[in-house]
Amino acid sequence: MFFLQMLINGIVVGSIYGLVALGFVLIYRASGALNLANGEFVLFGPYVCLVIMTALNVPFLVAFIGTLLFSAFLGLVVERLVIRQLQNAPTISVIMATLGLSSLLAGAVHIIWGHTTRTFPPVFPQTPLNIGGIIITPVYLWSFIIVMILLVIFSIFFKYSKIGLAMRAVADDRQAALSMGMSVKFVLAMTWMIASMVAAIGGILLGNINGVSPTMSAIGLTVLPVVILGGLDSVMGAIIGGFLIGIIQNLAGGYLDPLVGGGLKDVVPFIVVLLILMLKPHGLFGSRGIERV
Amino acid sequence: MGPILEIENVSLHFGGVKALDQVSFHINEGEIFSLIGPNGAGKTSMLNCISGLYHPTSGSIRYKGKDITNMKPYERTTLGIARAFQNIALFAHMSVLDNIKLGRHTLMKSGVFSGGIYVGKASKEEIEHREKVEEVIEFLELQDIRHKPVGTLPYGLQKRVEVGRALALNPELILLDEPMAGMNGAEKERMSQFILDMHEVMKITVVLIEHDLGVVMSLSNHIAVLDFGKRIGFGTPKEVRENPDVIKAYIGEETVI
Amino acid sequence: MRNLFVRECGNYKTSYKDDMKLFGTKSEIVKWLFLFIILLTLPLYVSNYWVGLLTLCAISAIGAIGLNILTGFTGQISIGVGAFLGVGGYTTAILTTTYGLSFWVSLPLAGIVTALVGGLFGIPSLRLKGLYLAIATLAAQVIITFIISRWDSVTGGTAGMVLSRPSIGSYSFMSNASYYYLSIIILILTVIYSVNLLRTRVGRAFLAVRDRDIAAQIMGINLFYYKVLAFIISSFFVGIAGALLAHYTMIVSPELYNIHVSIQYLAMVLIGGLGSILGSILGAIFITLLPVGLTSIVDLLTAYMPNLYQLFSAFKEFVFGLAIILFLIFEPGGLAHIWHNIKNYFRVWPFSY
Amino acid sequence: GGDSANPSTSNDGSSSNSSDSGGKRTVVVGGLYDITGGTGDVGTPYAEGEKAYFEYLEMKGGVEGLDLKLIGKDYAYQIPEAQKIYQELRDKEKAVAILGWGTGDTEALRQQVATDQLPFISASYSENLKNINESPYNFLTAASYSDQGRAILKWIVENHEGDDAPTLALLYNDTAFGRSPIEDIKEYAKEVGVEVVDEQVIDVQATEAQSQLLNMEKKNPDYAIIQQTWGATSTILRDAKTLGIDTQFIGLNWAAGEGIIDIAGADVAEGYIGILSHAFPYEDMPGMAEIKEYLDAKGKTVDDINQKFVQGWVAAKIMVEAIKIAAEKYPEGDLTGPQIREGLESIQNLDLGGLAANVSFAPDNHAGTEMTRLGIVKNGKWEPITDYFSYKD
Amino acid sequence: MLRVSNLEAVYQKMILALRGISLNVKEGQIVALLGSNGAGKSTTLKAISGLLAAEDGHITDGTIEFQGEIINNISPDQLVKKGIFLCMEGRRIFKDLTVEENLYAGAYTRKDRSSIKSDIEKIYEYFPKLKMLEHRKAGYLSGGEQQMLAIGRGLMAKPKLLLLDEPSLGIAPLLVKEIFENIKKINEEEGLTILVVEQNANIALSIAHYGYIIENGRVVMKGEASALLEDKNISEHYLGTGKDIKEGRSNRRRQRIVW
Ligand SMILES: Nc1ncnc2c1ncn2[C@@H]1O[C@H](COP(=O)(O)OP(=O)(O)OP(=O)(O)O)[C@@H](O)[C@H]1O
Ligand SMILES: Nc1ncnc2c1ncn2[C@@H]1O[C@H](COP(=O)(O)OP(=O)(O)OP(=O)(O)O)[C@@H](O)[C@H]1O
Ligand SMILES: CC(C)C[C@H](N)C(=O)O
Ligand SMILES: [Mg+2]
Ligand SMILES: [Mg+2]
């Protein structure tokens with residue numbers, strides 16, 4: 001029972017990880033960069049949603065859609081003003097810029113909303129579900145469902161849509177992609193918009209669990225092992241990686257913590273990732289970089 | 001002179017693809033040896049096996065009688081095997097000079113301590129090897145562009161720098177993968193002459209991959225022909241030219257050479 | 001995986017070449033001597049406060065040079081510098097406080113121990129590249145700080161350890177100025193060493209590994225050896241910086257070495273200029289002093305609008321991010337590049353319009 | 001410039017430590033705040049409380065013969081930044097005393113502070129800081145975390161129902177702050193016969209703590225002491241409720257306060273017990289009169305502040321009290337750190353009007369008090385369940 | 001159809017690569033652009049297709065006119081939509097995409113999505129080798145296979161004007177012939193206009209209608225392909241002396257052909 005509860009906990013927590021990790025994967029696929037501001041994108045979503053809900057007094061669903069629109073806009077602005085300017089810069093500069101962005105966005109959140117933790121008016125039912133002795137909070141169940149839906153959508157998107165193909169082409173060789181008539185600008189703008197929306201969804205779910213405060217952005221770093229474990233460029237990997245890390249964390253917390261005096265939950269993902277990478281240098285599902293001479 | 005390199009039943013598989021299939025041939029010391037064949041025949045793969053970037057699935061490679069099949073690439077370099085790549089693999093933002101100097105890596109000694117202190121051993125060595133590098137530069141007529149970052153040079157010159165870098169190793173065996181691709185007739189002639197000089201003046205054994213049959217036929221002492229990973233011909237230019245399999249797969253009936 | 005350091009097109013850096021010219025001509029020697037004298041006499045004309053800040057800059061510069069050797073020259077991004085600083089700091093803390101060793105012995109030992117730990121965490125570079133390797137170093141960050149905070153018996157756990165300033169005989173480096181001299185001299189030695197190293201054989205091999213590892217192999221470069229070597233050399237300097245910092249602040253504690261520190265160092269080398277020693281120094285100065293400058297601005301503003309203090313604090317964060325972004329957009333080559341441009345401008349000076 | 005309680009005189013450049021500006025002696029107190037960092041939620045009201053007290057003083061005409069300023073800066077809970085800002089306060093602003101914040105940075109600075117001879121009052125009540133030899137310039141203005149834990153143990157022993165010895169779990173995070181009281185609590189528990197059956201490490205930024213709580217549940221402790229901040233505490237309480245754990249949770253002072261109710265929700269927080277080291281604005285304490293006076297002047301009400309504001313206010317007040325004493329004793333020349341330390345050390349039973357337990361210091365005692373009190377969340381509101389008491393009583 | 005006049009281009013604001021190139025491509029023609037290494041051929045093609053900016057290059061003077069419209073400042077993706085497609089030098093296939101996906105990428109701007117599938121089959125007919133490698137990641141292909149893919153990708157775009165930069169690079173002789181025959185065929189059957197840069201002057205001129213020779217960023221000679229083919233200077237420079245290399249060596253040192 002204990003094991004099962006840990007397992008289930010891992011899966012439900014992991015679904016949030018997967019969701020946030022997805023944002024990383026999207027950006028990586030289109031630009032080869034790690035978006036270190038992902039945590040701050042996560043942050044914006046719930047704040048905006050909260051503002052819309054309380055200020056305009058609209059139901060959650062409306063606010064949710066409004067938030068998605070806002071997030072898309074935010075992604076677009078970021079791409080226009082920052083990422084596009086670095087089109088010809090090395091990828092590491094882009095990564096650094098996202099780091100600057102994280103500080104900038106965090107500052108913005110602080111300026112606009114201050115530091116106090118806010119709480120979401122209950123959107124999901126609060127009473128935990130008890131399924132055969134296993135206890136699950138409805139919010140987690142919802143995030144699990146949403147993650148599954150997004151997994152399907154994005155898998156189809158990358159496999160069959162033109163933009164999906166263009167994203168990968170742009171990440172591969174930007175100049176060549178241009179010569180195919182792909183608008184690198186458009187592709188990047190799309191990617192940032194989508195990634196920002198995905199982050200917002202993650203943020204709203206997270207906000208429903210723990211309230212909304214600037215410290216939420218820490219999830220950005222927390223899920224790095226998830227993305228790496230799954231493979232930086234794999235949608236599937238992000239989500240399975242999310243589940244795996246969630247489960248490993250909980251099992252380690254459950255079984256190993258008592259042995260070492262606790263605190264393993266935040267270390268174990270990194271140890272596991274390090275070990276797995278030694279066997280699979282590109283994560284579980286990441287594609288191997290091609291090097292031919 | 002005896003064989004410097006012996007390839008014996010070398011196979012190389014990538015999943016289902018047989019890039020090389022039981023290929024055997026040998027290369028004599030001091031000769032110019034060409035490897036030809038249609039696209040995707042396995043020529044580059046063969047060079048990769050010789051220089052150690054790929055390890056054959058089966059078979060063996062002997063260099064001067066020594067089995068090097070499972071040696072690391074950097075170890076082979078110290079044995080005197082140098083290589084220029086088909087797709088240019090230069091260090092784009094380093095100068096021509098530094099690129100070629102890099103070729104002398106194994107011949108130099110300075111390390112973490114002497115290099116950091118510089119004065120004395122390391123500086124002496126730098127100057128000494130600079131002279132060698134200048135010899136290569138002169139030989140390949142790269143004087144004018146010595147300090148230019150390689151990335152800004154036109155394709156043809158980059159190819160030449162690539163050859164220079166390999167030469168700087170003081171090799172006994174040099175592997176050239178399509179060094180004349182992207183050159184016009186006159187330029188090819190010049191490159192051919194560099195190769196002949198390497199061979200005659202520097203006494204280097206040359207392995208050449210090239211699609212221009214005119215060049216191949218007039219330069220080579222021996223030729224091996226690959227098709228779909230198999231060796232379909234081996235011998236002197238004359239023998240190869242008359243080999244019906246080779247004509248069918250590669251040369252074409254009506255091509256006049 | 002794509003090479004993270006290469007632009008999509010053929011831009012190039014000239015810093016390596018310029019390194020070669022160091023001490024080239026007489027006038028250059030005079031110039032460097034001049035700079036040296038300025039550095040040494042600085043405490044005479046700036047306030048104690050600035051001496052303190054400059055000491056921090058110098059120490060960070062040593063660490064940043066270390067990181068640049070790894071990230072800028074060998075192309076291996078590290079997000080673990082914070083923890084390696086910690087290894088250096090704790091080594092000297094344990095050696096001097098617990099075992100009573102002299103600072104002068106423990107300082108190089110701190111470098112060596114960190115180098116070994118760095119080398120250990122460099123082993124994954126055998127198989128990992130780019131961002132995957134970067135995350136492996138992040139793992140180093142997390143694991144090392146975890147060990148430090150758990151190994152109570154040796155490290156004092158989360159409470160940390162207390163150190164003292166070094167001394168020679170009865171003279172103690174207690175004053176800001178004396179510690180400044182100590183740091184600046186070690187920085188100068190670091191610069192001389194790394195500039196030399198990078199313009200000789202090992203340095204070229206590093207660059208080769210960064211740009212085209214396959215071709216590098218064919219040049220006879222043992223990839224694994226040089227990758228781990230880069231980790232070792234880099235960590236040595238980071239360890240030295242960590243030890244210097246520890247004796248400067250006289251305390252080590254796990255919270256001092258968190259990921260923010262790692263990220264700050266990464267910012268230093270990027271803002272300064274990847275693959276540039278000068279850049280590392282400029283970057284260290286920039287990242288160390290930017291918050292100070294921003295704080296002063298905030299102070300100025302709050303003098304007039306005291307009620308908005310909170311807002312201005314957040315504003316500081318905002319502007320810090322903005323500064324980094326603007327920097328990258330307008331000068332992707334880093335501070336080192338700006339420096340070169342200025343130098344070139346003056347070189348041709350009266351003739352430049 | 002700088003954040004000043006005295007705008008009228010702050011324009012003259014703060015670096016002058018001149019003993020007369022209008023015949024007054026300038027005394028600069030430095031502040032280290034966390035506004036934008038990980039503990040900004042409580043750090044902000046605390047900093048505001050400190051600033052408010054200085055403003056209040058100014059409003060009331062200041063301190064006789066002194067030009068008192070508080071110059072505080074945000075260090076975002078990053079120790080390296082705290083070290084830089086401390087230097088700035090010391091060297092540039094010429095501060096002679098410091099109001100600090102976190103455990104990590106306070107401990108990191110204590111030796112430096114001792115060398116520089118700057119009295120330091122921190123919002124960290126770490127027992128380590130009591131040690132006069134190691135931290136001769138640090139002062140604690142409320143019961144140390146360890147004393148708070150001991151007080152809880154005393155309360156448990158006295159109130160425990162049932163025949164078996166009470167069992168206890170400890171929930172904390174892996175920081176200097178989190179671990180600070182743990183060993184002391186365990187030791188004291190042994191003394192008073194409470195069995196510590198479990199310990200769990202829960203990260204300050206944890207978004208869930210189910211595995212830890214399930215582990216804890218296996219040991220089924222009667223009580224669990226929480227040494228965390230608001231965020232992690234709320235997470236613990238919420239997950240405990242989800243999992244149906246019936247342990248009585250008791251938080252140390254930073255794990256108590258209005259935030260818990262706001263974040264976790266009133267129904268989750270209901271019944272939660274915490275250390276109330278300071279008064280809530282809505283408590284009718286004599287000491288609140290000053291605060292209300294200040295708020296009125298600013299056009300605000302008690303609803304605009306919270307307990308952490310009161311806490312900051314009290315810390316500032318104690319510091320100013322010491323400065324006053326020092327100024328009286330040394331009427332000539334610049335006030336120095338050691339003089340202010342003397343001032344602090346001569347504070348005896350300073351009446352804080354119920355805002356906090358009265359404090360006393362002495363040359364051999366920098367722990368202002370051991371007294372603290374407990375409260376419980378009832379109907380969405382904190383209510384004291386004890387008066388200030390010491391575990392030694 | 002395409003008229004380039006007096007084009008000047010620089011890289012990195014300092015390297016002058018084109019010094020006033022003028023050329024004309026008529027609808028339905030194949031035009032060959034020849035010249036030695038570094039002459040500026042690739043730069044010309046990049047300028048036409050708007051791809052200079054990506055290498056920090058700029059057009060500093062002159063105009064490019066396509067179907068009567070000045071296209072100097074139009075972004076490359078727009079140009080592809082207008083019907084200009086460049087097969088870049090050095091193959092530049094997408095390494096991480098499969099062969100098939102690369103071909104789809106070529107057809108990115110096409111509106112007639114339904115016929116794409118059958119066009120891909122047609123490419124496989126031209127290059128049967130590619131069919132075998134259909135689902136392989138393109139990065140693993142051999143040099144020549146990549147070159148085939150690059151050309152195939154260009155054909156998939158169905159442009160009005162196809163710019164080919166050294167299509168024969170690294171291709172075995174038999175196939176070179178085949179490729180050029182195919183190019184000729186496509187030109188004749190579908191009326192595709194082609195501007196081809198080629199080192200193999202012989203074969204390029206044999207299918208071209210018109211030819212330009214550029215050196216040092218300038219056009220140094222132009223004319224009907226057949227006339228150029230017969231020019232002695234050209235054949236010597238671009239086709240080699242024809243003599244046995246070993247014999248011609250004594251007088252080769254430091255000899256440079258100066259135009
Ligand atoms: N690393 C690899 N993974 C998978 N397949 C590979 C790899 N390397 C080569 N191949 C395949 O092996 C075959 C031989 O390739 P190779 O590069 O040796 O050909 P080549 O003879 O050099 O051809 P070209 O003249 O076109 O350069 C090709 O079909 C290629 O796709
Ligand atoms: N990205 C670049 N940056 C700087 N200079 C460049 C760049 N690309 C080309 N050049 C320079 O522009 C000139 C023309 O180059 P271009 O590539 O157009 O020549 P090409 O005729 O195509 O030669 P090849 O036959 O070798 O391909 C050369 O001198 C080259 O050095
Ligand atoms: C909010 C708290 C975590 C800060 C506290 N003053 C400390 O001890 O660190
Ligand atoms: Mg090949
Ligand atoms: Mg070209």
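Modeller: Ligand 2 lies between chains B and E. This is a predicted model, in which local features need pLDDT of at least 70 and side-chain atom pairs count only at pLDDT 80 or more, while totals for chains, interfaces and linings use all residues. Residues are numbered from 1 along each chain as its sequence is written, chains are lettered from A and ligands numbered from 1 in the order in which they are written, and side-chain values use heavy atoms, leaving out hydrogens and water.

Colleague: Which residues come nearest to ligand 2?
Modeller: Of the 21 residues around ligand 2 (a heavy atom within 4 Å), the nearest are B:Thr152, E:Lys41, E:Ser42, E:Thr43 and E:Glu89.

Colleague: How does the shell around ligand 2 divide by class?
Modeller: It has 7 nonpolar, 10 polar and 4 charged residues. Here Ala, Val, Leu, Ile, Met, Phe, Trp, Tyr, Cys and Pro count as nonpolar, Asp, Glu, Lys and Arg as charged, and the others, Gly among them, as polar.

Colleague: What lies 2.4 Å from an oxygen atom of ligand 2?
Modeller: That is an N or O atom in the side chain of E:Thr43. For E:Asn37, a side-chain N or O atom is 3.0 Å from an oxygen atom of ligand 2.

Colleague: And what about E:Gln12?
Modeller: A polar side-chain atom of E:Gln12 is 3.3 Å from a nitrogen atom of ligand 2.

Note on methods. Polar contact = N/O pair within 3.5 Å; in protein donor to acceptor, adjacent residues only side chain to side chain.
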